[in-house]
Amino acid sequence: MGTDDIIKIENLNFSYSNSETGKTTEVLRNINLNVRRGEFVAVLGHNGSGKSTLAKLMNAILTPTSGRVLADGIDTADEDRLFDIRSRVGMVFQNPDNQIVTTIVEEDVAFAPENMGVPPAEIRKRVDYALKTVGMYEFRRSEPHHLSGGQKQRVAIAGVLAMMPDVIVLDEPTAMLDPSGRREIINTVSRLNREEGMTVILITHYMDEAVRADRVVVISDGQIVRDASPREVFSQVDELKKIGLDVPQATELAYLLSKDGFDIKTDVLNAEECTSEIERLMTQARK
Amino acid sequence: MITDITIGQFFPAESVIHRLDPRTKILLVLVYVVVVFFVKSFVGYMVLALFVISCCAMARVPVRFILRGLKPIMFFILITALFNLFLTSGGVIIFHWWIFTITDEGLRFAVFMVLRLLFLIMGTSLLTLTTSPILLTDGMERLLSPFGKIGVPAHEISMMMTIALRFIPTLLEETDKIIKAQSARGADFDSGNLVRRAKAMVPILIPLFISSFRRADELATAMECRCYRGGKNRTRLNKLEYGRRDAFAWLIFAVFTAAVFATNFLFAF
């Protein structure tokens, strides 16, 4: 076991220069972020906020321009330990089609352990575990193109799980899925965190996905603007709107009601909390 | 049209032939191709037919299924037959009209050529019909790996084939989507002469190419994230292992080959 912070980002800056115009674009500025083992962190930000870049910096696909990123205590700038970093920090991307390598589900899940030189018997155990964890075990002999988007994305998650990583980073895993696929993935991810104790970093621009997290980190314009519990973050509707983000529908409703002078709590996160608040208001009004 | 082609298609079933090691099957097919070219008599072709049909029976692949796959290439077989029929000189002339001459040698050649092509295709498609693509590429990788020393990138070739197979359905789906999108914008793919139709393909191919490159880029990143570093130190989930049945297959094949060569000496017809 390494350090308590599985991901440690210190004074990170990241910029890239366009080779044609020679202009330098700053993507991330002065980022400090620690993620503890077992935590479920959601990173929120709209398009172009730099949140995907942040994800890629966590497993050394990109390296910082200045500052440093430590994955389980290993500096991601250390090229000799690239595979140690990548096997500890698993990454799931947006498009499930473009991350499945082979023509049979179980062969694809076996891809990472095969690359790592794990003995065949152990690969079999890991593949079965990973597929059962994401609920795709009965599809192990299927061909990926016969699966739905949500199922394919679950296979992609299993493919990363089979590496036995310390943390899974999901870079907008639901962006290309339909609502039922999105629900599948978010349920899988939060179950992974709750039941398997997996550290999860979920990068998204869907507010209602961030609600399930322990902590929400809001990125705007390459900087961290908020880092708190979902309840705290979403109660500040004005602030979120200013940086171009929405709030969950239930929160928005409560917010609008309170703006109209109703005495309602504005830190509700989901439909149930919102309805019970409105019920409370209505019984009060009747009295 | 695309669904008509059975060559290269996998026919999933439980059979002895399906369970043979892919390496055995690949090598046997290679030798089979050579043997087919050595058949010199009709009796030899009968032995060949018997062999292929009993292989189909053992593999539980209906012969009908293979024959249906021959349809798209029937045209080429016919052309080859006609060329042989009319352009072979020598032998006794059995038919002559204007510039067309058929000799008994020509007739014999034409019939042999058709039979040869038919049996070649039937035999080789039996390989792909009974071997899943993943086992096929695995087998190729293992067979080619001894040539790694002289610079044959066995692992890379098989990885490329795997990825190609994996992306065929994805890209077909995408092509379909692009065709619909372009049709919705008023593109016309079905009228005009050949040049016009070929030109109409450009607005399909360009988006398809661009998206393929993007996919390749994303896939490469995803593979790197899963610790891919080429074939070095790589282990496999399912290891290929030769069994008793592989030795048995070679034995049967040896008998068959001997029978074919025997017919060459015993029968002139």
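This is a predicted model: local features need pLDDT of at least 70, side-chain atom pairs count only at pLDDT 80 or more; totals for chains, interfaces and linings use all residues.
User: Happy to start with chain A. What makes β1 and β4 of chain A paired strands?

Analyst: Two strands pair if at least two bridges are found between them. Strand β1 (residues 5-17) and strand β4 (residues 66-71) of chain A have 5 bridges, in the antiparallel sense, so they meet the cut-off of at least two. One place to look is Asn13(A), whose bridge partner in β4(A) is Ser66(A).

User: Which order do the strands of that sheet follow?

Analyst: The sheet is open, with 4 strands in the order β2-β1-β4-β5 (chain A) and antiparallel pairing. β2 (24-36) and β5 (74-75) of chain A each have a single partner strand, so one side of each lacks a neighbour in the sheet and they stand at the edges.

User: And where does helix α1 of chain A lie?

Analyst: Helix α1 (residues 51-58) lies across β1, β2 and β4 of chain A, and runs at about 120° to β1(A).

User: Over to chain B. Why is Trp98(B) called exposed?

Analyst: Exposed means over 50% relative accessible area. Trp98(B) has 65% relative accessibility, so it counts as exposed. You will find Trp98(B) in the loop between β1 and β2 (100-103) of chain B.

User: Which residues form the nonpolar patch on the surface?

Analyst: Trp98(B) is one of them, together with Ile94(B), Phe95(B), Trp97(B), Ile99(B), Phe100(B), Leu107(B) and Val111(B), and their accessible area together is about 890 Å². β1 (93-97) and α6 (104-130) of chain B each supply at least two residues, and β1(B) gives the most, with 3.

Terms used. Residues are numbered from 1 along each chain as its sequence is written. Chains are lettered from A and ligands numbered from 1 in the order in which they are written. Side-chain values use heavy atoms; hydrogens and water are left out. Contact means heavy atoms within 4.5 Å. Axes are lines fitted to C-alpha atoms, for helices over the stretch in contact, and angles run from 0 to 180 degrees between N-to-C directions. Patches are made of residues with over 30% relative accessible area and no salt bridge: like charges are joined within 9 Å, nonpolar side chains (Val, Leu, Ile, Met, Phe, Trp, Tyr) within 5 Å. Accessible areas come from the Shrake-Rupley method with a 1.4 Å probe; for residues, only the protein chains shown count as cover. A salt bridge is a side-chain nitrogen of Lys or Arg within 4 Å of a carboxyl oxygen of Asp or Glu. Buried means under 20% relative accessible area, exposed over 50%, partly exposed in between (1.4 Å probe, protein chains only).
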